[in-house]
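Take a look at the model below. We start at one residue and then widen the view to a whole chain.

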Amino acid sequence: MATITVPRKKVSAFVPIGPQALGGDGERLRQAMDEILRHGTQLLDRYLEETGGADRATIDDSLDAISLLPHGWDSYSAPAPSIVAVQNAKGLVNEADRFGMLPIRVEPSAMGGVGVRFSNGDREVVVEFYNKGSAHALFAGDVTGDMRTEPISTDLAGYQRFLGEVRTYLHDK
Amino acid sequence: MTNNPQPEQPDQHFSDAERLFRRVRRENIARSGKATFLAFNLPDMSVNRERESSAEDARKGYDQADWAVVAFAVKDIPPRATWVQIVQEYQLKPRHVPEPGNFSHSEVRVWRKVRAVFTLITSRKPEDFLPGDPDRGEPRDTPEALLDPDFHMRWRKHIELAAKMVLPCEPV
């Protein structure tokens with residue numbers, strides 16, 4: 001069973017959703033479907049992104065693919081991701097995996113470097129590893145519109161401190 | 001007397017409602033269908049202006065399975081306004097910078113106030129600007145010196161929220 005989080009309310013639904021699921025818990029499923037219809041596909045997409053988040057192998061493969069991108073990979077003038085940016089991203093993913101909180105995606109950054117994204121509901125944390133070795137994270141809530149950023153130390157202690165902040169921000173723990 | 005038409009000149013007037021198109025690679029599109037802020041950059045972010053082109057033009061020659069086009073309005077930049085960031089003051093403007101084969105090419109440029117003077121943030125040298133570019137003679141400094149990650153991350157997230165997907169990647 002998975003949980004669909006909607007503004008001010010949590011409802012539960014069976015996955016995959018199909019006619020056979022309209023059994024003993026059909027009313028709750030109907031509630032979930034109503035919420036999805038009311039809030040549009042954005043809610044469903046977010047749900048899919050949370051529950052369909054990448055596994056470790058997918059993230060590692062993505063980072064390897066990102067490391068091969070050439071200069072101008074965005075069709076404009078984005079610098080190729082540097083080895084140090086990719087290695088730093090891998091270091092964070094390693095530590096995040098150990099913490100049991102893998103990111104939902106990694107992607108190249110048009111600023112030059114690699115982005116690693118953690119998300120839960122309407123909150124996200126994105127850390128950007130830049131080509132020259134520094135890193136900066138954005139904490140953002142899409143509903144409240146609140147944003148803050150902070151520099152991240154690209155060493156083990158820095159990653160552990162950062163992941164603790166991510167856990168607190170995303171899960172209010 | 002010749003009948004040769006005069007070459008078109010860049011026009012630096014942008015209305016607030018004019019849209020700016022940007023190609024986005026599939027890897028920078030979330031499952032929500034929106035481009036993430038990692039698809040945007042500062043300074044000198046390239047876009048195509050709507051007055052001279054269409055969204056389809058922005059994707060011409062690119063694989064529709066791997067490339068999408070998003071749009072945001074000039075008023076979303078925000079144009080010709082300052083953006084006060086902690087104790088730093090920034091200004092952003094769209095500029096029409098035609099390229100060979102792409103007359104609509106434009107850029108989002110950014111300035112930061114340094115000792116009461118707005119200084120263009122760019123890695124370019126004066127000779128990298130077209131003759132007649134209004135910013136060719138501006139005081140300038142590099143992104144490393146003037147562009148604070150706190151500012152560019154917030155601004156790019158702001159553009160992420162404002163941008164609309166106009167041409168999604170086609171299903172493979």
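Does B:Ser53 count as buried or exposed, and at what relative accessibility? B:Ser53 counts as buried, because its relative accessibility is 12%. Buried means under 20% relative accessible area, exposed over 50%, and partly exposed in between, with a 1.4 Å probe and protein chains only.

This is a predicted model, where local features need pLDDT of at least 70, side-chain atom pairs count only at pLDDT 80 or more, and totals for chains, interfaces and linings use all residues. Residues are numbered from 1 along each chain as its sequence is written, chains are lettered from A and ligands numbered from 1 in the order in which they are written, and side-chain values use heavy atoms, with hydrogens and water left out.

Now the setting. B:Ser53 sits in a loop of chain B, between strand 2 (45–49) and helix 1 (55–59). Helices (H or I, at least four residues) and strands (E, at least two) are DSSP runs, numbered from the N terminus. Leaving aside residues up to four places away in sequence, B:Ser53 touches B:Phe21, B:Asn48 and B:Ser104. Contact here means heavy atoms within 4.5 Å.

The side chain of B:Ser53 reaches the backbone oxygen of B:Arg49 at 2.9 Å. With the side chain of B:Ser104, the B:Ser53 side chain makes a polar contact at 3.2 Å. A polar contact is a pair of N or O atoms within 3.5 Å; within protein, one must be able to donate a hydrogen and the other to accept it, and residues adjacent in sequence count only if both atoms are side-chain atoms.

Turn to chain A. Its secondary structure has five helices and seven strands. Of its 173 residues, 47% count as buried.
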